[in-house]
Amino acid sequence: MSYSHYTMASGSRTGRRTFEFGRTYVVRPKGKHQATIVWLHGLGDNGSSWSQLLESLPLPNIKWICPTAPTRPVALLGGFPCTAWFDAGELSEESPDDWEGLDASAAHIANFLSTEPSDVKVGIGGFSMGAAMALYSATACALGRYGNGIPYPINLRAVVGLSGWLPGSRGLRNKIQVSHEAARRAASLPILLGHGTCDDVVPYKIGEKSAHSLNMAGFWNLTFKNYEGIGHYTVPKEMDEVCNWLTTKLCLEGSR
């Protein structure tokens, strides 16, 4: 079992919280290794279930890394502990963001990608809370730093978020617009978002609003796809579109 402790200084003076991440599952490329994507599961899930689905996709040039989030109390579940990338309350712009949890998970994810060969393109994808984590990583990449100011070390080439939302959307536009570099990185980062119109867990309008917030902040290379009548799950059509999009954006050879 590969366990990892990740400690990050919190903004407060109360010291540090240590997050213990669960097991990481890796799907090796069946062909030439051209890209590595960290794929993030949803609330209460683990890396294993996604690794099995990703292994079945016709993307032989991608190495998939599927980590498991730490187990922690989650406000959304009345404090019940389960695997979660960060603490989340109700999904609204008014609810406070768990910056410390977001930064610790974003750093854990970036850590996987920092050891990949320089000629391999790297990206992050995820479902539900994993999608939220992928989008937070996208904003950290554009800003060039985590929420706590520590530099973000990875140049992401693709971000995929399915049935998710954007944490930390308040003030994002202002943070990006004040820096030419951040605006340039935001405009050039390819992002694919997918959402079912009948999602009863992360409502469709929240996914739509997240796409709008990203667009307004300067993430212009963004594709938003809706899936009529689909709930909080993925369907083969959506995964086909993910495969096609990744093949195009990452210039993968012989993937189909």
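The model is predicted, so local features need pLDDT of at least 70 and side-chain atom pairs count only at pLDDT 80 or more, while totals for chains, interfaces and linings use all residues. Residues are numbered from 1 along each chain as its sequence is written, and side-chain values use heavy atoms, without hydrogens and water.

The structure holds eight aromatic pairs; rings of Phe, Tyr and Trp (its six-membered ring) pair if their centres lie within 6.5 Å, and planes under 30 degrees apart count as stacked, over 60 as edge-to-face and the rest as tilted. One of these pairs joins W39 and W50, with 5.3 Å between centres and 40 degrees between planes, a tilted arrangement. Because W39 belongs to strand β4 (residues 35-40) and W50 to helix α1 (residues 47-55), the pair ties together parts that are eleven residues apart in sequence. W39 is buried, at 1% relative accessibility, and W50 has a value of 8%. The rings of W50 and F127 are also tilted, since their centres are 5.7 Å apart and their planes stand at 40 degrees. F127 lies in strand β8 (residues 121-127), so its pair with W50 of helix α1 ties together parts that are 77 residues apart in sequence. W39, W50 and F127 form one aromatic cluster together with W64.

Elsewhere, L77 occupies the loop between β6 (71-74) and β7 (80-83) and is partly exposed, at 39% relative accessibility.

Technical notes:
Helices (H or I, at least four residues) and strands (E, at least two) are DSSP runs, numbered from the N terminus. Buried means under 20% relative accessible area, exposed over 50%, partly exposed in between (1.4 Å probe, protein chains only).
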